[in-house]
Amino acid sequence: MSGPFNGYWENAVHNQRVIIPALFKRRFSEESQRTVVITAGFDNSIALYPLDNWYSTLAELAEGNEMEQDFRSMLIRCAVAEAELEGPGRVRLPERELRKAGISDRCVVKGDHHLISLWNPERFYIDLENYEAEIRSRFDAKLWHKGRK
């Protein structure tokens, strides 16, 4: 199984290609064949599922409740391409998907545990600031120190 993918980087988009960070590339399993499935992501992002994670996610969702099965159908219907990582780890993205996500010359490459998402940088950083403000006010200070003995 590929992953986990954690963290985010901002990378250039050149000729519809974006470089996947080296840390993420090292986490692709042999079963993934250095191939991703490109599909719709959360909140107008682009989702890149390593091939092995794609099939395991679809299998898990097929066994789920009605909402999970509907989500599975949406992922399949919105899957626009399989793309093999090129050379140093670039992936070529369909122009239409870049346009829908509002991505032009730069994007944020974010690890989302079992998948990688691509974001319009402006939208990503605004959402991140809002989320960080929300969680800082929501969680008790003691929780931030859990796991430390």
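Student: Which residue does Arg-96 form a salt bridge with?

Tutor: Arg-96 pairs with Glu-97, and the closest N and O atoms are 3.5 Å apart. A salt bridge here is a side-chain nitrogen of Lys or Arg within 4 Å of a carboxyl oxygen of Asp or Glu. This is a predicted model, where local features need pLDDT of at least 70 and side-chain atom pairs count only at pLDDT 80 or more, while totals for chains, interfaces and linings use all residues. Residues are numbered from 1 along each chain as its sequence is written, and side-chain values use heavy atoms, with hydrogens and water left out.

Student: Is Glu-97 buried or exposed?

Tutor: Glu-97 is buried, with a relative accessible area of 5%. The cut-offs are under 20% relative accessible area for buried, over 50% for exposed, and partly exposed in between (1.4 Å probe, protein chains only).

Student: How many salt bridges in the whole structure?

Tutor: The search finds eight. One of them joins Arg-99 to Glu-95, with the closest N and O atoms 3.8 Å apart. Both residues lie in helix α4 (residues 95-101), four residues apart, or about one turn of the helix. Helices (H or I, at least four residues) and strands (E, at least two) are DSSP runs, numbered from the N terminus.

Student: What about the accessibility of Arg-99?

Tutor: Arg-99 counts as exposed at 54% relative accessibility, whereas Glu-95 is partly exposed at 40%.

Student: And which residues are joined into a network by salt bridges that share partners?

Tutor: Arg-17, Glu-86 and Arg-90. Within that group, the closest N and O atoms of Arg-90 and Glu-86 are 3.7 Å apart. Arg-90 is partly exposed, with a relative accessible area of 30%, and Glu-86 is also partly exposed, at 23%.

Student: Switching to strands. Where does Arg-17 sit relative to His-14?

Tutor: Arg-17 is in β2, and His-14 stands opposite. Strands β1 and β2 (residues 17-19) run antiparallel and are joined by two bridges. Two strands pair if DSSP finds at least two bridges between them. The hairpin of β1 and β2 has two residues between the strands, and Asn-15 takes a positive phi near 55° there.

Student: How many bridges join β1 to β7?

Tutor: Eight, between β1 (residues 5-14) and β7 (residues 106-113), and these strands run antiparallel. Phe-5 has His-113 as its bridge partner in β7.

Student: Which ring does Phe-5 pair with?

Tutor: Phe-24, in an edge-to-face pair with 5.4 Å centre to centre and 70° between the planes. Phe-5 lies in strand β1 and Phe-24 in helix α1 (residues 22-26), so the pair ties together parts that are 19 residues apart in sequence. Both residues are buried. Rings of Phe, Tyr and Trp (its six-membered ring) pair if their centres lie within 6.5 Å; planes under 30 degrees apart count as stacked, over 60 as edge-to-face and the rest as tilted.

Student: What is the count of aromatic pairs?

Tutor: Nine by that rule. As for clusters, Tyr-8, Phe-42, Trp-119, Phe-124 and Tyr-125 form one. Trp-119 and Phe-124 are both buried.

Student: Last one: what does the side chain of Asn-11 reach?

Tutor: The backbone oxygen of Ile-19, at 2.7 Å. Asn-11 lies in strand β1 and counts as buried at 16% relative accessibility. Leaving aside neighbours within four places in sequence, Asn-11 is in contact (heavy atoms within 4.5 Å) with residues including Val-18, Pro-21, Asp-105 and Cys-107.

Technical notes
A polar contact is a pair of N or O atoms within 3.5 Å; within protein, one must be able to donate a hydrogen and the other to accept it, and residues adjacent in sequence count only if both atoms are side-chain atoms.
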